[in-house]
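Me: I want to learn how to read a model like this one. Please show me the general idea first, then the case at hand.

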Amino acid sequence: MALLILSCNSDERDRNYQYMPNMYTPVGYEAYGEGDIFENGQEAKLPVEGTVIRGWLPYEYGDSLAGYQAAKAELKNPLDYTKENLSEGAELYTIYCAICHGDKGDGQGWLVQQEKILGVPAYDDQGRAITEGSVYHVMYHGINTMGSYASQTSEEELWQISHYVMKLKGALEGKEPRVELDSVPPIVQDVQYGTVTNILNDEQPAGGALEQDQTEQTANKTEE
Ligand code: HEC
């Protein structure tokens with residue numbers, strides 16, 4: 001009789017016996033818990049120095065005036081100027097930037113109209129003379145009251161936005177739009193290594209020759 005009572009538990013969810021308890025109670029350490037392996041008793045550790053974040057290459061232009069100026073002068077967008085990259089860029093721009101900079105990039109976003117933020121420039125501001133490299137740089141590091149976007153985006157996404165911002169700048173300046181390429185499979189974007197490979201034509205060096213063609217195309221267009 002006593003055995004019968006013992007074996008019947010009033011709480012059905014409470015198991016009397018745990019077979020293979022490791023399945024219920026993990027032996028691994030909790031990521032942010034305490035542990036006795038490391039010196040300070042803390043489980044979570046910072047990544048090893050020099051760790052490269054997935055989707056990002058080390059960015060060598062520092063968060064300084066010199067870094068800004070260098071990026072502005074020499075940093076080029078590794079992505080092709082394709083319709084696909086531009087539409088991705090436009091979408092991301094609407095999510096992250098338009099609230100301050102406005103849909104057209106004229107610096108008249110909603111927050112500016114509500115007078116919640118001051119000093120948002122238009123992209124055709126002559127004093128700033130932004131370039132695709134400087135746009136990338138300020139999104140990566142932030143600039144004064146504008147924060148960094150590096151933690152919420154990938155490297156590729158920032159370059160897509162950069163293309164789109166330059167498109168808005170051109171429109172504000174009344175320039176003839178740069179020719180947008182069709183997005184076709186031959187051009188494979190390898191984001192991890194930051195290279196552009198043309199799989200149909202191996203002899204054509206990555207990026208360089210291709211991009212030059214485009215620039216020439218655009219240049220010719222503007223001259224016409
Ligand atoms: C919270 C409002 C806000 C948001 C959102 C914002 N910006 Fe800005 N942005 C500013 C302000 C303010 C400045 C002027 C900063 C300064 O130089 O004092 C600025 C400056 C800039 C400049 C000019 C920097 C230069 O070289 O002088 C660019 C380009 C730019 N932003 C791009 C972007 C892009 C792209 C995004 C979206 C990823 C974005 N901003 C999102 C407020 C914002």
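Reply: Start with burial. A residue is buried if 20 or more other C-beta atoms lie within 10 Å of its own, and exposed if 12 or fewer do. Keep in mind that this is a predicted model. Now take helix α7, residues 155–172. Of its 18 residues, 14 are buried, so the rest of the structure largely encloses α7.

Me: What share of the 224 residues in the protein chain is buried?

Reply: Buried residues make up 19% of them.

Me: How do I read the overall layout of the protein chain?

Reply: Count the elements, then read their order. The protein chain has 8 helices and 2 strands. Along the sequence the pattern is α-α-α-α-α-α-α-β-β-α. Then look at the contacts with a separation of 6 or more. In the protein chain, 58% of these join residues 24 or more positions apart.

Me: Back to α7. What span is expected for this helix, and what does it reach?

Reply: Compare the distance between the end C-alpha atoms with the expected value. α7 reaches 26 Å from its first C-alpha to its last, close to the 26 Å expected at 1.5 Å a residue. Then check what comes next. Gly174 follows α7 and has a positive phi, near 70 degrees.

Me: How do I read two helices that meet?

Reply: From 65 to 115 degrees, a pair counts as roughly perpendicular. The axes of α3 (residues 83–96) and α7 come within 7 Å and cross at roughly 90 degrees. The two helices are therefore roughly perpendicular to each other.

Me: Which residues of α3 and α7 make the contact?

Reply: From α3 come Asn85, Leu86, Glu88, Gly89, Ala90, Leu92 and Tyr93. From α7 come Glu157, Gln160, Ile161, His163, Tyr164, Val165 and Lys167. By class, the residues of this α3 and α7 contact are 7 nonpolar, 4 polar and 3 charged.

Me: At what angle do α2 and α6 cross?

Reply: The axes of α2 (residues 65–74) and α6 cross at roughly 140 degrees and come within 6 Å. That makes α2 oblique to α6. Tyr68, Ala71, Lys72 and Glu74 in α2 meet Gly133, Ser134, Tyr136 and His137 in α6. This contact of α2 with α6 has 3 nonpolar, 3 polar and 2 charged residues.

Me: How do I read the surroundings of a ligand?

Reply: List the shell, find the closest residues, then ask which elements supply them. Here 23 residues surround the ligand. The closest are Tyr96, Cys97, Cys100, Asn144 and Met146. α4 (98–101), α6 (132–141) and α7 each supply at least two residues of the shell. α6 gives the most, with 4 residues. By class, the shell has 17 nonpolar, 5 polar and 1 charged.

Me: Asn144 is one of the closest. Is Asn144 buried or exposed?

Reply: Asn144 counts as exposed, with 7 C-beta neighbours inside 10 Å. Asn144 is in the loop between α6 and α7. Check the backbone too. Phi of Asn144 is near 45 degrees, a positive value in a residue other than glycine.

Me: What is the phi of Ala129?

Reply: Ala129 has a positive phi of about 40 degrees, although it is not a glycine. Ala129 lies in the loop between α5 and α6. With 10 C-beta neighbours inside 10 Å, Ala129 counts as exposed.

Me: Is Tyr123 buried or exposed?

Reply: Tyr123 is buried, with 22 other C-beta atoms within 10 Å. Tyr123 lies in the loop between α5 (110–113) and α6. Leaving aside neighbours within four places in sequence, Tyr123 is in contact with Gly105, Ile130, Val165, Leu168, Lys169 and Leu172. Tyr123 and Leu168 are 45 residues apart in sequence, and 7.3 Å apart C-alpha to C-alpha.

Me: Where is Thr82 found, and which residues does Thr82 touch?

Reply: Thr82 is in the loop between α2 and α3. Thr82 is partly exposed, with 19 other C-beta atoms within 10 Å. Not counting residues up to four places away in sequence, Thr82 touches Glu180, Leu181, Asp182 and Ser183. Thr82 and His163 are 81 residues apart in sequence, and 9.3 Å apart C-alpha to C-alpha.

Conventions. Residues are numbered from 1 along each chain as its sequence is written. This is a predicted model: local features need pLDDT of at least 70, side-chain atom pairs count only at pLDDT 80 or more; totals for chains, interfaces and linings use all residues. The expected span of a helix is 1.5 Å times one less than its number of residues. Axes are lines fitted to C-alpha atoms, for helices over the stretch in contact, and angles run from 0 to 180 degrees between N-to-C directions. Angles under 35 degrees count as roughly parallel, over 145 as roughly antiparallel, 65 to 115 as roughly perpendicular and the rest as oblique. Two residues are in contact if their C-beta atoms, placed from the backbone, lie within 7 Å. Ala, Val, Leu, Ile, Met, Phe, Trp, Tyr, Cys and Pro count as nonpolar, Asp, Glu, Lys and Arg as charged, and the others, Gly among them, as polar. A residue is near a molecule or strand if its C-beta atom, placed from the backbone, lies within 6 Å of it.
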